[in-house]
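Morning, everyone. Please look at the model on the screen while I talk.

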Amino acid sequence: MPALDHLTRDAFPRSSKYDARWLVDLDMGPHPLWLLEDLAADLDLRPGMRVLDLGSGLGATSVFLAREYGVSVVAADLWVDPSAAGAVFRKEGVDDRVLPMRVDAHALPFGSGSFDAIVSIDAWEYFGTGDHYPPYLAKFLRPGGQLGVATPALTTEVRELGEIPDHVDRVVGAESAAWHTAEWLRSQWAFSRAFADVTARTQDDACANWLLWERAVMELKGQPTSPVQSMLEADGGAFVTFALVTGRVA
């Protein structure tokens, strides 16, 4: 049966309203809206808030934030041309609420207390795992502001395993050293003392969800498989997951 026939997920009712082909055109990894909708359940996003979407890619998550939660969004990414993301926002009718910017995550051009919330979907592993980074980011949040992250994770730290699992290493390589467990991320944020009310959990069926999406992407692209699909099939949820982490500044 075609993979697309299985894409509706009862756990993600908001995401199910969005066309899979539209998302594939913006595809840069796992299903971003499933991750964001799940993460948002642990956040308090309300209309009128100002939100930084950090590592926003071509903008699917920024569109979702503006439409589903009524927030205004700064869509920040280092590698995506803001004009390309802006074209997406205009086409989707959210350009009055979403501002695209080319931004280095380690040199944010914003003032202290600029945002009510910061979210990062499938990007944190590239810039956020250093011990200095959570407290650096906290200063851009207003009092009571929230940080929420959905990031690829492992069920066991590679340093405890003593090696990167072969099927992960073949696809991700040394970058998987930045794939931490949810508990590791929770402890890091808590020990930074920049955040209170830190929560961290793994997404239910994370590997299966990612595999389902990857199969659908390959189907829509007319390709039989991909290295990522092979990795996820070999893993079966033994090591690969997603961590959903939140914290609130005092």
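**Helix packing, pocket and cavities**

Helix 10 passes helix 11 in a left-handed crossing. Left-handed means that the near helix is turned anticlockwise from the far one by less than a right angle. Before I go on: this is a predicted model, where local features need pLDDT of at least 70, side-chain atom pairs count only at pLDDT 80 or more, and totals for chains, interfaces and linings use all residues. Residues are numbered from 1 along each chain as its sequence is written, and side-chain values use heavy atoms, with hydrogens and water left out.

Back to the pair. The axes of helix 10 and helix 11 come within 9 Å and cross at roughly 145 degrees. Axes are lines fitted to C-alpha atoms over the stretch in contact, and angles run from 0 to 180 degrees between N-to-C directions. Helices (H or I, at least four residues) and strands (E, at least two) are DSSP runs, numbered from the N terminus.

Who touches whom? Helix 10 brings Cys207, Trp210, Leu211, Glu214, Arg215 and Met218. Helix 11 answers with Val228, Gln229, Met231, Leu232, Glu233 and Asp235. Contact means heavy atoms within 4.5 Å. By class, that contact has seven nonpolar, one polar and four charged residues. Ala, Val, Leu, Ile, Met, Phe, Trp, Tyr, Cys and Pro count as nonpolar, Asp, Glu, Lys and Arg as charged, and the others, Gly among them, as polar.

Now the spaces. On a 1 Å grid over the protein atoms alone, a cavity is a set of points where a 1.4 Å probe fits but cannot get out. A pocket is an open set with protein on both sides within 12 Å along at least five of seven lines. Lining residues have an atom within 4 Å of a point. Grid points are joined across faces, edges and corners, and a volume is the space filled by probe spheres set on the points.

The largest pocket has a volume of about 850 Å³. Of its 41 lining residues, Met28, Asp122, Ala123, Glu125 and Tyr126 are closest to the centre. Helix 10 gives the largest share of this lining, five residues. The lining has 26 nonpolar, seven polar and eight charged residues.

How many cavities of 30 Å³ or more does the structure hold? Two.
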